[in-house]
Amino acid sequence: MNAPAPGPYDPPGCAPERVDYVDPRDRVVAQGGRAAGPPAGLLRRYAATVCTDRAGRVLLYRRTPSAPAYPGHYDVLVGGAVRSGEEYRAAALRELREELGWERAPGLAEAYRIRVDDPHGACFLTVHRWTADRAPRPDPQEIAWCGFVAPLAVLTGGYTPLVPAGAEAVRRLFPH
C-alpha cells in the first residue's frame, strides 16, 4: 500500500500526518492520513486550549493568511489534530509547544468535549484551559499576532472574523 500524499496540513518535506478517525461515540475505529479526510460516517479528533493570564485575560491570536482553515481569522483555541495513538491532553500539550513555545503547561485541564459540525469537516473537539505562567513565543508560520485581551472584548471588541468554535469557547468558559 502506498503512503498517502502530503496534504495542506502536512509540513513540506515531511511524511503525511496520520490521525485516528472515530465513530459518533468518539471511539477510534480507523486510521489514515490527515489530508485524506475521514471515511464516510467517521469524524476527526481535535484538541485545543484556551489560555488565560493571571489577570483572567484570554490569549487571542490571528491566524496567518496562509492557514489552511480560517486564514486571517482571530481565535482563542490553540490546537490541532490529534495524531494516531495520541490522547486529547497529549495533543493539546504538543500544540501549545509547537504553536506558542510552551514546553510544559502545569494545571492544564479539560473543560469540555463537543461534536462540531464545521464547513471544514465534522469532528470531536476537546477544549482545555490553562493559565499561562510565562509569555508565549508564537510560531510565525502559524500565528500572525497574539495578545491577552478581556474575554468580553473577544466577542465585542471588533476582532473579526472570529473562528466560530473559538467564539463558542469564550461564551461557554466566560459567561457574562
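**Entry 1. Overall picture**

What percentage of the 176 residues of the protein chain count as buried? I found that 48% of them do, where buried means under 20% relative accessible area, exposed over 50%, and partly exposed in between, with a 1.4 Å probe and protein chains only. I note that this is a predicted model, in which local features need pLDDT of at least 70, side-chain atom pairs count only at pLDDT 80 or more, and totals for chains, interfaces and linings use all residues. Residues are numbered from 1 along each chain as its sequence is written, and side-chain values use heavy atoms, with hydrogens and water left out.

I looked up the secondary structure and found three helices and nine strands in the protein chain. Helices (H or I, at least four residues) and strands (E, at least two) are DSSP runs, numbered from the N terminus. Their order from the N terminus is β-β-β-β-β-β-α-β-β-β-α-α.

I then looked up the dimensions. The C-alpha trace spans about 50 × 35 × 30 Å along its principal axes. The radius of gyration of the protein chain is 16 Å, which agrees with the value near 16 Å for a compact globule of 176 residues; the radius is taken over C-alpha atoms, and the globule rule is 2.2 Å times the number of residues to the power 0.38.

**Entry 2. Helix α3**

Which elements do the buried residues of α3 pack against? I listed β3 (44–52), β5 (74–75), β6 (77–81), β7 (109–118), β8 (121–131) and α2 (151–156). The buried residues of helix α3 (residues 164–173) are Ala 165, Gly 166, Ala 167, Ala 169, Val 170 and Leu 173. I recalled that an α-helix has 3.6 residues a turn, so residues three or four places apart point the same way.

I located Glu 99 in helix α1 (residues 88–100). Not counting residues up to four places away in sequence, Glu 99 touches several residues, among them Val 78, Arg 137 and Asp 139.

Asp 139 is partly exposed, at a relative accessible area of 24%. With residues up to four places away in sequence left out, Asp 139 touches Glu 98 and Glu 99. The C-alpha atoms of Asp 139 and Leu 100 are separated by 6.1 Å, although the two residues are 39 residues apart along the chain.

**Entry 3. Backbone geometry**

I recalled that most residues other than glycine have a negative phi, and most peptide bonds are trans. Asp 26, in the loop between β1 (18–22) and β2 (28–33), has a positive phi of about 65°. Asp 26 counts as buried because its relative accessibility is 18%. Tyr 70, in the loop between β4 (58–63) and β5, has a positive phi near 55°. Tyr 70 is buried, with a relative accessible area of 14%.

Where does Pro 161 lie? I found Pro 161 in the loop between α2 and α3. The peptide bond from Thr 160 to Pro 161 is cis, with omega near -10°.

Technical notes: Contact means heavy atoms within 4.5 Å.
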